[in-house]
Amino acid sequence: MSKPVIATASLAGCFGCHMSILDIDERILQLVELVEFNKSPVDDIKTITKPVDVGLIEGGCCNSENVEVLRSFRKNCKVLISLGECAIMGGLPAMRNGIPIRECLEEAYYRSPTIDPSDARIMPNDEDLPIILDKVYPNHEIVPVDYYLPGCPPSADLIWKALVALLEGKPLDLSYGLLKFD
Amino acid sequence: MNKPKTTKAKPAPAPGIKFSIDGRECLARAGQTILEAAKDNGIYIPSLCAYDGLKPAGSCRICTVRVGGRHQAACTFPVSDGMSVESAVPDLEDMRKAVVEMLFVEGNHMCPTCEKSGNCELQALAYRFQMLVPRFPYLFPKKDVEPAGTKLLMEQNRCVKCLRCARGIRTADNKAVFGSLHRSRKKKMFVDLGLASALSERWARTAMDRCPVGCILRKEVGFAVPIGRRKYDQAPIGSDIEKPRS
Ligand code: SF4
Ligand code: SF4
Ligand code: SF4
Ligand code: FES
């Protein structure tokens with residue numbers, strides 16, 4: 001039997017959840033034995049090239065590119081997991097929800113303390129840039145999501161136990177302390 | 001000295017009332033609520049707005065139990081002889097979880113940034129119920145951090161309207177420092193800035209500690225207890241009450 005395929009992506013996240021994947025320490029050697037990685041920042045494969053068994057998504061959707069990547073994961077992954085608070089509920093980026101988008105952009109590009117007042121006011125507006133969404137969306141409000149691993153980031157133990165449970169087809173034993181929102 | 005308004009300590013009569021929770025025989029004293037009696041019998045009924053020593057408000061409904069086929073708030077409903085109470089049954093447990101999930105989507109709960117994380121009763125209930133994601137869509141309401149006098153802040157994004165502050169924080173001359181405005185979805189807690197500024201250091205801390213979530217905050221403190229040593233890091237909420245079934 002060929003190895004199960006895993007893919008990962010970071011949308012509106014800080015890469016902390018990916019750091020936590022690496023934080024499984026020497027178990028990563030076991031993981032590499034057990035699975036094959038496809039698209040992931042870990043191996044730098046840029047697009048999904050074959051059917052994926054488990055897709056892990058860090059971060060929610062703040063722009064049109066995030067939505068595209070998320071939809072391609074949903075299309076190609078048997079099981080899709082929202083990894084971390086940002087993926088599950090928008091997380092820190094969602095602190096802008098409730099503030100009008102123009103105000104956010106003006107704060108960043110016109111009024112931020114590092115802007116030289118003598119410079120021309122420039123708001124990036126190139127057709128190659130992804131379009132910013134009206135708010136940051138939890139992933140399951142864009143596509144159906146199968147599992148959720150909370151935490152900021154989820155602990156390496158939680159990620160490891162969840163992957164092992166999935167690969168062995170067993171239910172995840174969430175003993176107290178594994179579930180954390182911070 | 002500031003004194004909180006509490007229900008008068010009743011003289012404790014002998015526990016003469018026999019009743020049961022989920023088929024388990026319990027003893028209670030006349031005048032006790034189901035929640036109080038359950039605790040005395042080593043049974044934890046999840047609750048949020050209830051607070052020892054404060055008059056019950058019955059506002060959160062997390063303590064909902066079934067008595068005679070009807071839903072009742074365990075924190076307000078008195079025990080009576082021969083009463084049989086259902087509590088830890090799947091439909092009630094799921095309903096409690098749903099209420100917790102509702103509270104999460106009705107506010108903006110960014111636990112990773114919250115001073116109360118690890119010591120928060122709402123979060124602890126979510127851990128106990130193993131909430132991975134709320135079943136309701138996030139509302140992302142527009143709420144603000146508001147000043148609350150010289151010592152306190154109110155982070156309205158996290159308020160669950162349990163009314164503990166309104167019930168339990170008073171000045172020396174018995175004036176309420178906190179109150180609520182409006183009703184239903186518009187309901188909002190407010191604070192009298194002058195009275196809040198006049199609170200003693202101890203009572204400012206008490207206001208923060210009684211708030212079950214990270215809404216009332218003492219200025220310039222927070223994140224004092226390291227991760228791993230916070231209230232709910234090691235054991236679930238309620239585990240101090242629960243005694244194993246003999
Ligand atoms: S959940 Fe936390 S660690 Fe993960 S991407 Fe968001 S901010 Fe970073
Ligand atoms: S109040 Fe509790 S649930 Fe809300 S953000 Fe803070 S820790 Fe999380
Ligand atoms: S401020 Fe805190 S104590 Fe007061 S109602 Fe809100 S959550 Fe309850
Ligand atoms: S604890 Fe009983 S209604 Fe809130």
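The second largest pocket of this predicted model holds about 600 Å³ of space, a volume being the space filled by probe spheres set on grid points joined across faces, edges and corners. Of its 19 lining residues, B:L103, B:E106, B:V160, B:K161 and B:S184 are the closest to its centre. A pocket is defined on a 1 Å grid over the protein atoms alone as an open set of points where a 1.4 Å probe fits, with protein on both sides within 12 Å along at least five of seven lines, and lining residues have an atom within 4 Å of a point. Local features need pLDDT of at least 70 and side-chain atom pairs pLDDT 80 or more, whereas totals for chains, interfaces and linings use all residues; side-chain values use heavy atoms, without hydrogens and water. Residues are numbered from 1 along each chain, with chains lettered from A and ligands numbered from 1 in the order written.

The shell around ligand 3 comprises 14 residues, the closest being B:C159, B:C162, B:L163, B:C165 and B:C211 (near: a heavy atom within 4 Å). By class, twelve are nonpolar, none polar and two charged. Around ligand 2, the residues include B:C111, B:C114, B:C120 and B:R158.

Between chain A and chain B, the contact (heavy atoms within 4.5 Å) takes 24 residues from chain A and 25 from chain B. Two salt bridges cross this interface, a salt bridge being a side-chain nitrogen of Lys or Arg within 4 Å of a carboxyl oxygen of Asp or Glu. A:K180 and B:D233 form a salt bridge at 3.7 Å, N to O.

Key: Nonpolar A, V, L, I, M, F, W, Y, C, P; charged D, E, K, R; others polar.
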